[in-house]
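Trainee: Can you walk me through reading pockets and helices in a protein model? I'd like to look at it alongside you.
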Amino acid sequence: MQAHSGISVLEGATRDVVKLNPRDNVVIALRDLNAGEQPVLVPVPLTVSVSRGHKIAVVSIQAGENIIRYGQIIGQAKCDIAPGEHIHVHNLGMGAHQQDYAHASANAPLPALTEERTFDGYHRSDGKVGTRNYIGILTTVNCSGSVARFIAEAAEKSGLLDSFPNVDGVVPIVHGTGCGMSASDEGYATLFRTLAGYAQHPNFAGILLIGLGCEVMQVADLVGGRPIRADGALRYMTIQNEGGTRRTIERGLEELRGIAELADQAERAPAPISAITVGMQCGGSDGYSGITANPALGYASDLLVRHGGTTILSETSEIYGAEHLLTRRAETVEVGEKLIDRIHWWEDYTARNGGEMDNNPSPGNKRGGLTTILEKSLGAVAKGGTAPLRDVYKFGERVDKHGFVFMDSPGFDPCSVTGQVASGANLIVFTTGRGSVSGYQPTPCIKLATNSEMYARMAEDMDLNCGDVVTDGISIEAKGEELFEMLIRVASGQKTKSEELGFGGVEFVPWQIGAVM
């Protein structure tokens with residue numbers, strides 16, 4: 001079975017282990033294995049116990065020799081490794097790696113689907129379609145965050161929305177920056193794009209923009225004498241001009257009522273699948289992520305692209321070492337070079353801040369079986385399917401092309417999703433092996449479990465179990481189609497688990513670049 005990132009999946013599987021590609025010199029444990037057991041595909045008994053999701057050598061590997069998973073290099077042996085040995089951080093390291101980018105060498109377009117599928121969404125005056133119908137209270141600076149929350153709380157207590165049944169709720173978008181920063185550097189431009197993207201997001205029927213008044217990120221600069229929203233559903237104020245907290249809350253409630261009257265006029269109506277934009281994320285990854293949930297999402301991504309929709313892959317620091325799989329799929333050489341430019345920026349960014357690109361995987365990733373960033377990245381890019389890479393965008397930059405695209409971001413999930421939402425994602429799909437919990441108002445988030453054990457423990461937080469690809473032999477194609485149908489239902493209004501639990505209040509995390517002054 002082929003994964004949809006150029007990586008082979010489930011080439012050879014038994015009850016105990018799976019070999020992902022004929023070239024691999026390791027297999028992956030599919031259950032907790034005890035020392036002395038000898039799984040099929042392993043030529044000798046195990047020397048130690050090996051946890052589910054971890055790697056086992058199947059041949060002799062010399063010190064310095066490449067270790068292969070997915071048919072790709074995931075690092076080098078730190079010492080001689082015998083068949084049957086557990087391979088992990090104690091004997092696998094990441095040496096220097098060089099890739100042949102082969103820009104635009106494998107970018108054949110996917111065949112379009114003639115079947116006309118629709119979802120029920122909220123049509124906006126700029127041509128975009130929302131999957132939700134919220135009112136946003138957007139803040140320019142940390143200093144206006146509490147007042148934004150006070151206004152949202154007052155609206156709820158007063159029952160302001162009781163008369164507006166088509167409005168999903170009021171969402172305060174608060175953050176910890178907006179001042180103590182340069183007004184002309186990369187950090188300012190990134191925050192500006194992020195706030196402007198949320199102000200124009202199709203899942204918001206209207207926006208109340210609140211500043212303090214003296215901050216670096218000025219309300220006047222965001223508004224700029226031009227209509228941020230084509231529908232005019234934007235009101236703005238500063239706390240200092242209004243005369244303080246109480247007066248700002250009072251006027252804020254008045255403005256919310258006016259916005260709600262406009263928002264309530266929106267009703268769900270059929271829209272083409274091409275109006276769906278999915279931000280694709282993985283967090284709390286494990287050894288199963290690149291075997292089950294990520295390739296299933298990749299298959300669903302391809303289906304959506306074939307229907308004319310858009311999918312966004314991100315987390316630049318978590319495609320590091322697998323970027324050559326994406327440059328090959330670049331629509332043009334220039335698009336491939338844009339991606340490598342971002343890789344080089346990250347190498348410099350981490351170096352000048354005392355970090356390194358292999359500071360990933362996290363401790364939880366390692367407990368789940370991942371060892372190097374190369375291994376994690378090779379599994380992560382499976383989310384992107386096989387479609388050509390149409391373009392590469394900066395964090396929060398508006399995505400203006402349909403198809404499969406990449407948006408630059410950190411691997412820190414809330415921050416990366418914030419950028420994807422700012423870029424226009426009206427759905428988020430999040431794969432997790434360890435059990436991530438979060439939500440991203442105003443955009444619904446679908447959670448995929450990579451393994452059946454975690455899904456059983458955390459079923460109240462997970463929307464779909466992909467572990468049955470291993471436990472029950474479900475095909476990647478079938479699981480991808482199941483996810484695709486779920487995308488349509490959620491886009492049409494079905495609530496996700498994170499929405500039912502009330503997540504979304506603290507997950508707006510703009511990428512803070514540059515000095516805090």
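Trainee: Which helix supplies the largest share of the lining of the largest pocket?

Mentor: Keep in mind that this model is predicted. For the largest pocket, helix α2 (residues 186-199) leads with three lining residues. The space inside is about 500 Å³, and 26 residues line it, with K128, R398, V399, S423 and G424 closest to the centre.

Trainee: How many nonpolar, polar and charged residues are in that lining of the largest pocket?

Mentor: Sort them by class: you get twelve polar, seven nonpolar and seven charged residues.

Trainee: And what about the second largest pocket, which element gives the most to its lining?

Mentor: That's α1, with five residues. The pocket holds about 320 Å³ of space. Its lining has 17 residues, and A152, E156, L161, G169 and V170 are the closest to the centre. By class, that lining has nine nonpolar, three polar and five charged residues.

Trainee: Where does α1 run, and which of its residues are buried?

Mentor: Helix α1 covers residues 145-158 and reaches 20 Å from its first C-alpha to its last, close to the 20 Å expected. Its buried residues are G145, V147, A148, I151, A152 and A155. What covers them includes β11, β12, β13, α4 and α5.

Definitions and conventions:
Residues are numbered from 1 along each chain as its sequence is written. This is a predicted model: local features need pLDDT of at least 70, side-chain atom pairs count only at pLDDT 80 or more; totals for chains, interfaces and linings use all residues. Side-chain values use heavy atoms; hydrogens and water are left out. Helices (H or I, at least four residues) and strands (E, at least two) are DSSP runs, numbered from the N terminus. The expected span of a helix is 1.5 Å times one less than its number of residues. Buried means under 20% relative accessible area, exposed over 50%, partly exposed in between (1.4 Å probe, protein chains only). Contact means heavy atoms within 4.5 Å. On a 1 Å grid over the protein atoms alone, a cavity is a set of points where a 1.4 Å probe fits but cannot get out, and a pocket is an open set with protein on both sides within 12 Å along at least five of seven lines; lining residues have an atom within 4 Å of a point. Grid points are joined across faces, edges and corners, and a volume is the space filled by probe spheres set on the points. Ala, Val, Leu, Ile, Met, Phe, Trp, Tyr, Cys and Pro count as nonpolar, Asp, Glu, Lys and Arg as charged, and the others, Gly among them, as polar.
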